[in-house]
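Please read these notes with the model open beside you.

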Amino acid sequence: WMGENLRATVLADGTPIQRVDDPNEWINLTTPAYCWYEMDSTAYDNPYGRLYNWYAVANDNICPDGWHIPTDAEWEALIMELDSSASDLSNAAGGAMKEEGTTHWLTPNTGATNSSGMTAVPSGSRSGSNGSFSGLGTNLCWWTNGTVSDNTKAPGRQLDYNSSKLSEHTSNKNSGFSVRCIKDQ
C-alpha cells in the first residue's frame, strides 16, 4: 500500500486530470477531475493529498505504473490482516491505519495506532451534489475499485475520528475523495 494519499495530476497514460475549483462545474462533470480541500494547495496538498472524482479512478488509470486502485477483496484482506477478529459489521482495522494523535485528527481519534504504517490523515471530502467541502479533521474517504451500484454512485472506504472501524460506503460519482494505491502483485 502507498504510504500517503495520491497527488497525481495526470493519468498513467499521460492524459492530464483537470483541476476544477468551481462547485457548479464540479458537480456536473463526467470526466476525470481533482481539487484540493477548499481549493488551497498550500494548506492542504501536504499531508492530505488531492481529492478526485470517481471519473478519475473509474478505469484504474490514475495510479503510477505497477500500482492500482484497491479492490473490495484487497480492502477486506487488509482488514483481516490488521484485525483478524474482524467481520463485515465490526473491525478495528481503521485504528491501525490512522495517524496517531490529534495533529490532524480531531479528538478523540478513537483507536488510532498507525500500526499499519499507512499514516492515514483526515483529508475530508467534496460533495458531489453541491461542490462544498466537509470533514477535514473528522474523516477520510478513499475510492475503491469495487462494484458500481448504479449510474450515479460508486464504492469507497471511510475512516472517522470517533471510530476505529474502516467502513464501506457508496457515494455520488461526483464526490471528491482521496485515493490510496496498492502495488500490483
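How many salt bridges does a search of the whole structure find? The search finds seven. A salt bridge here is a side-chain nitrogen of Lys or Arg within 4 Å of a carboxyl oxygen of Asp or Glu.

1. Basis of the notes. This is a predicted model, in which local features need pLDDT of at least 70 and side-chain atom pairs count only at pLDDT 80 or more, while totals for chains, interfaces and linings use all residues. Residues are numbered from 1 along each chain as its sequence is written, and side-chain values use heavy atoms, with hydrogens and water left out.

2. Arg157 and Asp72. A salt bridge joins these two side chains, at 3.9 Å from N to O. Arg157 belongs to strand S8 (residues 153-160) and Asp72 to helix H4 (residues 72-82), so the pair ties together parts that are 85 residues apart in sequence. Helices (H or I, at least four residues) and strands (E, at least two) are DSSP runs, numbered from the N terminus. Arg157 is buried, with 1% relative accessibility, whereas Asp72 is partly exposed at 25%. Buried means under 20% relative accessible area, exposed means over 50%, and partly exposed is in between (1.4 Å probe, protein chains only).

3. Asp45 and Arg7. The side chains of this pair also form a salt bridge, with 3.6 Å from N to O. Asp45 sits in helix H2 (residues 41-48) and Arg7 in the segment before strand S1 (18-19), so the bridge ties together parts that are 38 residues apart in sequence. Asp45 is buried, with a relative accessible area of 18%; Arg7 is partly exposed, with 22%.

4. Asp21 and Arg19. Here the salt bridge has an N to O distance of 2.8 Å. Asp21 is partly exposed at 27% relative accessibility, and Arg19 is partly exposed at 44%.

5. Ser175. Where in the chain is Ser175? Ser175 is in the loop between strand S9 (167-172) and strand S10 (182-183). Is Ser175 buried or exposed? With a relative accessible area of 7%, Ser175 is buried. Leaving aside residues up to four places away in sequence, Ser175 touches Trp26, Tyr52, Asn53, Trp54, Arg126, Ser127, Gly128 and Trp143. Contact means heavy atoms within 4.5 Å.
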